[in-house]
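Hello,

Please find below the sequence and the structure we talked about. My notes on what was found follow after them.

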Amino acid sequence: MFVPKLYRSEDMNLMREIIRENSFALLISSVDKIRATHSMMMLNESDPENVYIETHISRANPQAKSLKEGDEVLCDFLGAHTYISSSWYDHINVSTWNYEAVQIYGKVELMDHNELYAHLDKLTSKYEKFQQCPMMVKDMGNEFVEKEMKGAFGIKINPTEIFIKQKLSQNRKEADFRNIISQLEQSDDNARKVAEKMKLIKK
């Protein structure tokens, strides 16, 4: 990801927020060929000295068949984003897109059985706890869970490079910046979220 200095962020809390709120991200590898799989990802911070991403994909997926311990992968997270019309400027210019994104390069570490179980348990709990009748892993029966786990390929990604990008019209003059916010606030949920993000960077 190209990150000009103006849009570069070193805010690890922003990184956590983007990953937490946009967990369905891309796992990209290029071991035998370029491969990409959308998968549910979680940031594991149980050990502050060893923070990593955990995820799983189907064992039947060709990407799972090609990945091995130590391979490099890229995890790509897209946060809040929306279209920015050039009609919102007080001068002629091009339209663009405002967005937040995180890209993390890392080395693959294969999960063992217990790590995969813990990952699936945490992932299920994260989303099921909001349901009217939550179905947790412990409620599914050990035999069923063990059978399903045979089809899952669990990996941990130990970060080697982290890139955080906030492209939020920082290059616009004050009047245009304020008008962009005003226009976004009249649009859909994604646009309004970007507007709120823009307000925060000007505080």
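**The cysteines**

Cys133 counts as exposed, because its relative accessibility is 65%. Cys75, by contrast, counts as buried, at a relative accessibility of 0%. In the strand pairing, Cys75 stands opposite Ile104 in S6. A disulfide is a covalent bond between the sulfur atoms of two cysteines. With a cut-off of 2.5 Å between the sulfur atoms, the count of disulfides comes to zero. Please keep in mind here, and in the rest of this message, that the model is predicted.

**The overall picture**

The protein has 203 residues, and 40% of them count as buried. There are six helices and seven strands. Read from the N terminus on, these elements run β-α-β-β-β-α-β-β-α-α-β-α-α. The C-alpha atoms fill a box of roughly 65 × 45 × 30 Å along the principal axes. The protein exposes about 11,600 Å², and carbon and sulfur atoms supply 52% of that area.

How much of the contact count comes from residues 24 or more positions apart? Among contacts with a separation of 6 or more, such residues account for 71%.

**Strands S2, S5 and S6**

Strand S5 covers residues 72–84 and pairs with strand S2, residues 24–29, in the antiparallel sense over four bridges. In that pairing, Ser29 stands opposite Val73 in S5. S5 also pairs with strand S6, residues 96–110, again in the antiparallel sense, over 11 bridges. Cys75, described above, faces Ile104 of S6.

**Gln63**

Gln63 is found in helix H2, which spans residues 62–66. Is Gln63 buried or exposed? Gln63 is buried, because its relative accessible area is 0% and the limit for buried is under 20%. Leaving aside neighbours within four places in sequence, Gln63 is in contact with Leu27, Ile28, Ser29, Arg35, Ala36, Thr37 and Ile57. One of these contacts, Ser29, is the residue that stands opposite Val73 in S5.

**Salt bridges**

How many salt bridges does a search of the whole structure find? The search finds 15.

One of them is formed by the side chains of Asp90 and Lys173, at 2.8 Å from N to O. Asp90 lies in the loop between S5 and S6, and Lys173 lies in the loop between S7 and H5, so the pair ties together parts that are 83 residues apart in sequence. Lys173 counts as partly exposed, at 45% relative accessibility.

Lys156 takes part in a salt bridge with Glu109, at 3.3 Å from N to O. Lys156 lies in strand S7 and Glu109 in strand S6, so this pair ties together parts that are 47 residues apart in sequence. Lys156 is buried, with a relative accessible area of 8%, whereas Glu109 counts as partly exposed at 26% relative accessibility.

Lys156 also forms a salt bridge with Glu115, and the closest N and O atoms are 2.8 Å apart. Here the pair links distant parts of the chain, with Lys156 in strand S7 and Glu115 in helix H3, 41 residues apart. Glu115 is partly exposed, with a relative accessible area of 29%.

Salt bridges that share partners also join Glu17, Glu100 and Lys197 into one network.

**Ser169**

Which residue has a positive phi although it is not a glycine? That residue is Ser169, with a phi of about 60°. Ser169 is placed in the loop between strand S7 (152–167) and helix H5 (174–184). Ser169 counts as buried, because its relative accessibility is 3%. Lys173, from the salt bridge with Asp90, lies in the loop between S7 and H5 as well.

**A nonpolar patch**

Which residues form a nonpolar patch on the surface? They are Met135, Met140 and Phe144, and together they have about 270 Å² of accessible area. Met140 is found in the loop between helix H3 (113–128) and helix H4 (142–149). Met140 counts as partly exposed, because its relative accessibility is 31%. To be included in a patch, a residue needs over 30% relative accessible area.

Best wishes

Notes: Residues numbered from 1 in each chain as written. Predicted model: local features only at pLDDT ≥ 70, side-chain atom pairs only at ≥ 80, totals over all residues. Heavy atoms only, no water. Patch = residues over 30% accessible without salt bridge, like charges linked within 9 Å, V, L, I, M, F, W, Y side chains within 5 Å. Areas by Shrake-Rupley, 256 points an atom, 1.4 Å probe, with all protein chains shown as cover. Salt bridge = Lys/Arg side-chain N within 4 Å of Asp/Glu carboxyl O. Helix = DSSP H or I, 4+ residues; strand = E, 2+ residues; numbered from the N terminus. Buried < 20%, exposed > 50% of the residue type's maximum accessible area, 1.4 Å probe, protein only. Pairing = 2+ DSSP bridges. Contact = heavy atoms within 4.5 Å.
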